[in-house]
Amino acid sequence: MTAPETTRTRPSWRTVLVWTAISIAAAAGWGVIALVRGEEISAFWLVIAALGSYAIGYRFYARFIADKVLRVDDTRATPAERLDDDVDFQPTDRRVLLGHHFAAIAGAGPLVGPVLAAQMGYLPGTMWIIIGAIFAGAVQDMVVLFISMRRNGKSLGQLARDEIGPIGGAAALVGVFSIMIIILAVLALVVVNALAASPWGTFSIAMTIPIALLMGFYLRTIRPGRVIETSLIGVALLVLAIVAGGWVQASSWADAFTLSPQTLVFCLVVYGFVAAVLPVWMLLAPRDYLSTFMKIGTIALLAVGVLIVAPALQADAVSDFALNGMGPVFSGELFPFVFITIACGALSGFHALIASGTTPKMIQKESQVRMIGYGAMLMESFVAVMALIAACILDPGLYYAMNAPAGVLGTTVESASTAVANLGFTISPQDLQAAADAVGEESLVARTGGAPTLAVGMSEILSSVFGGDGLKAFWYHFAIMFEALFILTTVDAGTRVGRFMLQDTLGNVWKPIGRVSWKPGIWITSALVVAAWGYFLYAGVNDPLGGINQLFPLFGIANQLLAAIALTIATTVLVKSGRLKWAWVTAAPLAWVAVVTLTASWQKVFSDDPRIGFFAQRERYAEALEQGEVLAPAKDLGQMQTVVTNSTVDGVLAAFFALLVVLIIANAAWICWRALRSAEPPPSTEAPYVESRLLVTAGRATGTDESQEERP
Amino acid sequence: MTPRRLFGLVRWYLRELTGEAAYGRYLDRHRRTHPDTPALPRREFERRRTDRKDAHPTARCC
């Protein structure tokens with residue numbers, strides 16, 4: 001039986017020395033990245049600042065939250081112990097659970113956002129990723145995990161209903177569903193932009209489907225349960241598919257895999273539907289194994305690369321676009337738009353869904369919420385720092401030639417070179433072509449969405465460690481494959497989750513559709529979910545102003561508003577359980593994220609600047625359309641109409657998201673006020689205390705299959 | 001740490017992470033709780049374990 005750590009011993013001089021050294025290192029890292037100007041600095045300093053800050057945050061702040069705010073109690077049995085059924089609830093080794101949780105929270109988000117935010121320079125993004133994770137993102141994940149764990153693993157929607165009330169609960173459900181649709185659409189858009197007109201990438205990604213099917217059948221019929229062996233076969237085939245992509249590109253088959261963005265949208269929508277209705281063993285489960293293996297492997301590879309190469313950063317610390325808001329990648333000034341663009345990696349509301357899903361049902365001991373909730377988020381934050389580094393080591397001329405919308409850059413290297421010069425950077429048409437040739441692409445002009453940029457940066461780093469220039473094209477397509485694989489896994493899992501939510505909700509109105517085994521019900525709801533994200537994907541692909549430029553802010557706002565909902569629930573629980581004194585731990589990040597997202601939504605809805613405000617944009621294009629004029633970058637009246645429609649829909653959505661969150665916060669504030677005014681505390685919503693009998697050996701794994709815990 | 005031990009550690013971690021160790025755990029539990037009834041063969045166990053995911057989707061974040 002583990003005793004709670006109640007006695008506070010004086011730290012040894014060695015501990016003091018180690019933490020002093022870590023603090024000095026972190027401070028030195030911050031000093032260099034914040035103060036050195038006019039010369040290139042090494043990415044090494046970013047890594048030092050990040051790791052040092054994480055160590056301090058984890059050791060001191062997270063422990064403070066666990067001990068003082070949450071009051072974790074290792075004598076209290078967790079739901080995994082009490083309800084252990086070996087299916088949903090089972091006490092799981094904390095390192096294994098950390099792996100599960102990390103694989104579930106980290107995907108393409110922390111890789112894409114920082115790349116786009118590099119437009120503002122490396123400093124604002126780095127600061128937000130590190131500080132945001134320590135004080136907001138990791139806090140949210142840990143507190144939600146704890147709250148859900150104390151309530152037998154309730155979901156975010158149930159928590160909202162129980163803690164805030166039916167209105168808050170309903171608003172949270174609607175919010176979660178619509179936010180998921182936007183997230184799926186934007187992620188799918190990233191894939192489309194990475195694969196359009198790239199036969200190499202398209203072939204490799206297409207091959208993941210037969211590979212996954214093969215793995216599925218192998219696991220089902222030939223070697224049931226041998227996941228590692230199957231995954232190794234899958235990874236080998238995947239690498240082969242990447243190499244083969246190069247052959248296909250050079251062969252006469254290239255045309256068959258050179259697809260337009262519109263065709264890719266069609267393929268993705270069909271794929272999403274099929275993946276959502278097929279049994280999981282065929283496609284979804286094997287893809288998930290493949291994606292997890294690739295994720296952990298590639299992130300480790302990139303970390304090693306960054307540490308060995310320690311490349312110099314080419315981007316400015318703070319770019320002019322941060323202050324004038326005229327950036328081509330996304331419009332708007334540093335505040336609030338850096339904090340919107342980088343969601344995953346600093347603060348991501350979506351994590352609250354994972355932290356209130358399967359993870360809380362598998363924790364052995366309460367104190368482990370620190371390692372699993374807080375620690376996993378710090379790991380994701382580090383992934384985001386590496387993505388930012390990969391984008392900032394690129395020549396800024398190349399960065400803007402890849403990331404400004406096609407409407408600005410045109411389609412040739414010459415037009416792109418001119419457009420980049422107009423933005424105040426230089427890249428010659430020859431250099432631009434050479435960069436594309438080096439990675440085996442036809443062209444890199446206007447490859448927006450972040451994935452191709454990250455892939456170029458990763459290929460720079462990885463090829464200088466492994467294989468030299470000759471392997472650049474391989475590493476580029478390896479990186480594209482790895483991002484697309486993540487995203488497609490998120491898209492098919494997300495479509496499935498969306499389908500269940502829809503079935504559940506519609507089942508209240510019309511019973512049969514709620515039945516999970518009724519095929520037509522499954523088809524109808526899957527089609528509805530796919531159609532919803534497919535609509536935004538299609539609109540994004542056809543938007544003359546650039547789908548990423550238009551939709552990415554909406555994605556960030558959506559994700560951060562989900563964070564606001566989660567932090568509201570967390571704050572309400574703290575207040576209701578008599579911890580008003582500590583409520584600032586979640587209330588402060590809530591206030592920040594509410595200010596950021598509501599400011600961003602406000603600007604997106606009400607700004608007079610047509611580059612920022614959706615309705616100002618709509619008005620400008622609608623007026624021109626009435627006169628029969630065509631405004632650049634639209635090329636004809638049809639495209640003018642597209643802009644008008646898209647900006648209307650996007651504007652309404654931005655307003656809708658903001659209203660939802662205002663509603664939830666107001667409702668929660670009322671509940672908190674009532675709880676504080678009432679003479680007796682509100683009834684506890686926690687599962688009652690049961691003494692823990694689980695003994696957790698805090699040592700290393702034994703290297704055998706023996707279970708890690710024993711019952712006394 | 002010896003290479004052998006490191007290999008054992010990695011193998012243990014991967015088996016736990018991928019759920020490959022679940023069948024062994026099931027057998028232990030089955031022997032403990034229902035010693036008189038035969039346990040499911042691995043094929044059937046894995047089949048049920050995977051098919052359960054059909055009705056219990058888990059979200060993947062971005």
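Q: Which residues of chain A does UniProt list for "domain: CstA N-terminal"?
A: The unreviewed UniProt entry lists residues 43–600 of chain A for "domain: CstA N-terminal". The structure here is a predicted model.

Q: What is the helix and strand content over residues 43–600 of chain A?
A: Over residues 43–600, chain A is 74% helix and 0% strand.

Q: How do α2(A) and α16(A) pack, in angle and axis distance?
A: Helix α2 of chain A (residues 43–70) and helix α16 of chain A (residues 369–392) pack at an angle of about 165°, and their axes are 11 Å apart. The two helices are therefore roughly antiparallel to each other.

Q: Is the crossing of α2(A) and α16(A) left-handed or right-handed?
A: The crossing in which α2(A) passes α16(A) is right-handed.

Q: Which residues meet there, in α2(A) and α16(A)?
A: From α2(A), the residues include A:L46, A:V47, A:L51, A:Y54 and A:R59. They belong to a contact with α16(A) residues, among them A:M371, A:Y374, A:L378, A:F382 and A:I389. By class, the contact of α2(A) with α16(A) has 16 nonpolar, three polar and three charged residues.

Q: And α6(A) with α26(A): how do their axes cross?
A: The axes of α6(A) and helix α26 of chain A (residues 584–606) come within 10 Å and cross at roughly 125°. That angle makes α6(A) oblique to α26(A). The crossing of α6(A) past α26(A) is left-handed.

Q: What residues make up that contact between α6(A) and α26(A)?
A: In α6(A) they are A:W128, A:F135, A:A136, A:V139 and A:V143, which meet A:V585, A:T586, A:P589 and A:W592 in α26(A). By class, this contact has eight nonpolar residues, one polar residue and no charged residues.

Q: Moving on, how do the axes of α27(A) and α28(A) cross?
A: The axes of helix α27 of chain A (residues 614–626) and α28(A) come within 8 Å, crossing at roughly 155°. This makes α27(A) roughly antiparallel to α28(A). In passing α28(A), helix α27(A) makes a left-handed crossing.

Q: Which residues make the contact of α27(A) and α28(A)?
A: On the α27(A) side they include A:F614, A:F615, A:R618 and A:Y621, and on the α28(A) side they include A:L637, A:M640, A:V644 and A:D650. The contact has 11 nonpolar, five polar and two charged residues by class.

Q: Changing topic, how many salt bridges are there over all chains?
A: The count comes to 24 salt bridges over all chains. One pair is A:E686 with A:R76, whose side chains meet in a salt bridge at 3.3 Å, N to O. A:E686 lies in the loop between α28 and β1 of chain A and A:R76 in the loop between α2 and α3 of chain A, so the pair ties together parts that are 610 residues apart in sequence.

Q: On backbone geometry, where is the cis peptide bond with omega near 5°?
A: The cis bond runs from A:F335 to A:P336. A:P336 is in helix α14 of chain A (residues 334–341). Another cis peptide bond joins A:A632 and A:P633, with omega about 0°. A:P633 is in the loop between α27 and α28 of chain A.

Q: Which residue has a positive phi although it is not a glycine?
A: That residue is A:N152, with a phi of about 60°. A:N152 is placed in the loop between α6 (122–150) and α7 (156–163) of chain A.

Conventions. Residues are numbered from 1 along each chain as its sequence is written. Chains are lettered from A and ligands numbered from 1 in the order in which they are written. This is a predicted model: local features need pLDDT of at least 70, side-chain atom pairs count only at pLDDT 80 or more; totals for chains, interfaces and linings use all residues. Side-chain values use heavy atoms; hydrogens and water are left out. Axes are lines fitted to C-alpha atoms, for helices over the stretch in contact, and angles run from 0 to 180 degrees between N-to-C directions. Helices (H or I, at least four residues) and strands (E, at least two) are DSSP runs, numbered from the N terminus. Angles under 35 degrees count as roughly parallel, over 145 as roughly antiparallel, 65 to 115 as roughly perpendicular and the rest as oblique. A crossing is left-handed if the near helix is turned anticlockwise from the far one by less than a right angle, and right-handed if clockwise. Contact means heavy atoms within 4.5 Å. Ala, Val, Leu, Ile, Met, Phe, Trp, Tyr, Cys and Pro count as nonpolar, Asp, Glu, Lys and Arg as charged, and the others, Gly among them, as polar. UniProt positions are given in the numbering used here, feature names are shortened, and annotations may be inferred rather than shown by experiment. A salt bridge is a side-chain nitrogen of Lys or Arg within 4 Å of a carboxyl oxygen of Asp or Glu.
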